[in-house]
Amino acid sequence: VMLVAWLVCSKEAAQRYARQVKDLVAEETRARREQQRDERRSHRLEGLLQDVIWPPATTTVTPKEFGQCASARTIATETGARHGCIESAKLGRDVAYESLTERAFLELLEDAQQVVFYQEQPFRVPYEAQGRLHHTYPDVFLVLADGRGVVVEVAPPFEMAAKENWSKWHGLRAFCRERGYGLLITDGRRTFQSV
């Protein structure tokens with residue numbers, strides 16, 4: 001085709017055609033890579049969801065209830081290495097994060113087809129530790145395509161073994177059991193169970 005364009009048209013037309021072909025190939029390559037990335041992320045989330053701790057009875061979260069879900073705590077969103085916001089096409093708004101681990105997990109949710117909705121810092125959950133009442137704010141609440149809700153605590157593996165977090169997660173588990181939600185403790189690659 002290039003030879004025909006060169007012979008029939010001008011040199012400039014042939015070069016213009018070559019640029020168009022190059023741009024098309026680059027666009028197709030980019031689209032294929034994005035699709036492969038999305039498939040890898042979806043597969044990774046499927047693996048994480050295998051370790052969700054489900055209560056004996058689960059409840060279904062309806063799309064009407066999505067609008068009632070809001071952050072229970074404000075996150076400092078100034079740009080920095082550890083906290084900030086990502087733009088969510090799925091939610092149509094910015095979503096705040098407090099660590100790079102949380103950011104990576106939110107990006108995973110953004111691309112995952114299994115997740116229809118998510119909310120950062122969704123609940124204020126009471127728990128008892130050393131005889132005193134405390135409160136925790138789980139990092140994410142997500143709703144799967146089948147309507148089941150999952151409360152997610154995003155933590156690096158070294159924090160998963162910390163004694164002070166076990167009391168907090170025990171309180172989260174009781175909170176989830178009462179409401180019929182699943183509980184997932186993860187860093188976005190590994191879960192509490194695998195660590």
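Analyst: Going along the sequence, the chain runs α-α-α-β-β-α-β-β-β-β-β-α-α-β, which comes to 6 helices and 8 strands. Keep in mind that this is a predicted model. Of the 195 residues in the chain, 40% are buried.

In soluble globular proteins, nonpolar side chains tend to be buried together. Here the largest nonpolar core has 40 residues, and the ones touching the most other members are F105, L109, Y118, L142 and V151. Strand β6 supplies the largest share, with 5 residues.

F105 and L109 are among the buried residues of helix α4, and so are E102, L106, L108 and E110. Helix α4 covers residues 100-111, so 12 residues in total, and its first and last C-alpha are 17 Å apart, close to the 16 Å expected at 1.5 Å a residue.

Next up is strand β3, residues 115-120, which is mostly covered, with 5 of its 6 residues buried. Its partner is β6 (residues 140-144): the two strands pair in the antiparallel sense over 5 bridges. Within that pairing, Y118 sits opposite L142 of β6. Both Y118 and L142 are on the list of residues that touch the most other core members.

Most residues other than glycine have a negative phi. Q121, though, has a positive phi near 45° and isn't a glycine. Q121 belongs to the loop between β3 and β4, and it counts as buried because its relative accessibility is 0%, under the 20% cut-off. Q130 also has a positive phi, about 55°, without being a glycine. Q130 lies in the loop between β4 and β5, but it counts as exposed because its relative accessible area is 83%, over the 50% cut-off.

One last stop, back on helix α2, residues 11-49, where V21 lies. Together with Y17 and V25, V21 makes a nonpolar surface patch of about 220 Å².

Terms used. Residues are numbered from 1 along each chain as its sequence is written. This is a predicted model: local features need pLDDT of at least 70, side-chain atom pairs count only at pLDDT 80 or more; totals for chains, interfaces and linings use all residues. Side-chain values use heavy atoms; hydrogens and water are left out. Patches are made of residues with over 30% relative accessible area and no salt bridge: like charges are joined within 9 Å, nonpolar side chains (Val, Leu, Ile, Met, Phe, Trp, Tyr) within 5 Å. Accessible areas come from the Shrake-Rupley method with a 1.4 Å probe; for residues, only the protein chains shown count as cover. A salt bridge is a side-chain nitrogen of Lys or Arg within 4 Å of a carboxyl oxygen of Asp or Glu. Helices (H or I, at least four residues) and strands (E, at least two) are DSSP runs, numbered from the N terminus. Buried means under 20% relative accessible area, exposed over 50%, partly exposed in between (1.4 Å probe, protein chains only). Two strands pair if DSSP finds at least two bridges between them. A nonpolar core is a set of buried Ala, Val, Leu, Ile, Met, Phe, Trp, Tyr and Cys residues joined through side-chain atoms within 4.5 Å.
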